[in-house]
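Subject: Handover of a structure

Hello,

Here is the structure I promised to pass on. Please open it first, then read my notes below.

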Amino acid sequence: MEYLHTMVRCADLEASLDFYCKKLGLVEVNRMENEGGRFTLVFLAAPGDVGRAKDGKSPLVELTYNWDSESYAGGRNFGHLAYRVDDLYTLCQNLLDAGVVINRPPRDGHMAFVRSPDGISIELLQAGQALEPAEPWKSMPNVGEW
């Protein structure tokens, strides 16, 4: 058995791509438009997985955009997406600077949570050992749901 991808329905494809690619740092590796089915699929990979993704051997996030408007509620109903990152504090600061709310700050230097424009929880985990707890993170409160 191999993990292939997680599918996330998105209400606004451009807002989702802005979040996942420009802010979170994922890379688009494939896109499929289906006129008959009236949907677009966009497959994204973490930067460290792009080579394997192009060979069909890497976990992906599949953004599904249905052209006819639909309402998607309860983004947490399936759990969350999780990514291991090289520098949790730097990524969280970059996300914060880009206007993304850090719902669960990395107070422990190990884990943080943010949410996509469609309310999908994204867990960010520090690679290797946890970073030394540091401000402003260690005294930052949780915000909203994560």
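Is Trp-137 buried or exposed? Trp-137 counts as buried, at 4% relative accessibility. Keep that residue in mind, as it comes back below. One caution before the rest: this is a predicted model.

**Overall layout**

The protein chain has three helices and eight strands. Starting at the N terminus, their order is β-α-β-β-α-β-β-α-β-β-β. The C-alpha trace spans about 50 × 35 × 30 Å along its principal axes. How does the radius of gyration of the protein chain, 16 Å, fit a compact globule? It agrees, because a compact globule of 146 residues would have a radius of gyration near 15 Å. Of the 146 residues in the protein chain, 40% are buried. Among contacts in the protein chain with a separation of 6 or more, 60% are between residues 24 or more positions apart.

Start with β8 when you turn the model around. Five of its six residues are buried, so β8 is largely enclosed by the rest of the structure. Two pairings involve this strand.

- β5, residues 80–85, runs parallel to β8, and six bridges join the two. In this pairing Tyr-83 stands opposite Leu-124 of β8.
- β7 runs antiparallel to β8, with five bridges between them. Here Met-111 stands opposite Leu-125 of β8.

β7 and β8 also form a hairpin, with five residues between the strands. Gly-119 in this hairpin takes a positive phi near 85°.

**Aromatic pairs**

Two aromatic pairs turn up in a search of the whole structure. One is Phe-19 with Tyr-20, and it is edge-to-face. Their centres are 5.2 Å apart, and the planes are at 85°. Both Phe-19 and Tyr-20 are buried.

The other brings back Trp-137. Its partner is Tyr-89, and the pair is stacked: 6.3 Å centre to centre, with 15° between the planes. Where do the two residues lie? Tyr-89 is in helix α3, residues 88–97, and Trp-137 is in the segment after β8, so the pair ties together parts 48 residues apart in sequence. Tyr-89 is buried as well, at 14% relative accessibility.

**Salt bridges**

Side chains of opposite charge can pair when their charged atoms come close. How many salt bridges are there? The count comes to six. Here are three of them.

- Asp-18 and Lys-23 meet through their side chains, 3.0 Å from N to O. Asp-18 is partly exposed at 25% relative accessibility, and Lys-23 is partly exposed at 26%.
- Glu-28 bridges to Arg-31, with the closest N and O atoms 2.9 Å apart. Glu-28 is partly exposed at 33% relative accessibility, and Arg-31 is partly exposed at 34%.
- Glu-145 and Arg-115 meet at 3.9 Å, N to O. This pair links distant parts of the chain, 30 residues apart: Glu-145 sits in the segment after β8 (121–126), and Arg-115 in strand β7 (residues 111–115). Glu-145 is exposed, at 55% relative accessibility.

**Cysteines**

A disulfide is a covalent bond between the sulfur atoms of two cysteines. How many disulfides does a search of the whole structure find? It finds zero. Why is Cys-10 in no disulfide? A disulfide needs two cysteine sulfur atoms within 2.5 Å, and the nearest cysteine sulfur to that of Cys-10, on Cys-21, is 11 Å away. Cys-92 is in no disulfide either; its nearest cysteine sulfur is also that of Cys-21, at 18 Å. Cys-10 is buried, with a relative accessible area of 1%. Cys-92 is buried too, at 0% relative accessibility.

**Where to look**

Look at β8 between its partners β5 and β7. Then find the stacked rings of Tyr-89 and Trp-137. Finish with the salt bridge of Glu-145 and Arg-115.

Best wishes

Terms used
Residues are numbered from 1 along each chain as its sequence is written. This is a predicted model: local features need pLDDT of at least 70, side-chain atom pairs count only at pLDDT 80 or more; totals for chains, interfaces and linings use all residues. Side-chain values use heavy atoms; hydrogens and water are left out. Buried means under 20% relative accessible area, exposed over 50%, partly exposed in between (1.4 Å probe, protein chains only). A salt bridge is a side-chain nitrogen of Lys or Arg within 4 Å of a carboxyl oxygen of Asp or Glu. Helices (H or I, at least four residues) and strands (E, at least two) are DSSP runs, numbered from the N terminus. Rings of Phe, Tyr and Trp (its six-membered ring) pair if their centres lie within 6.5 Å; planes under 30 degrees apart count as stacked, over 60 as edge-to-face and the rest as tilted. Two strands pair if DSSP finds at least two bridges between them. The radius of gyration is taken over C-alpha atoms; the globule rule is 2.2 Å times the number of residues to the power 0.38. Contact means heavy atoms within 4.5 Å.
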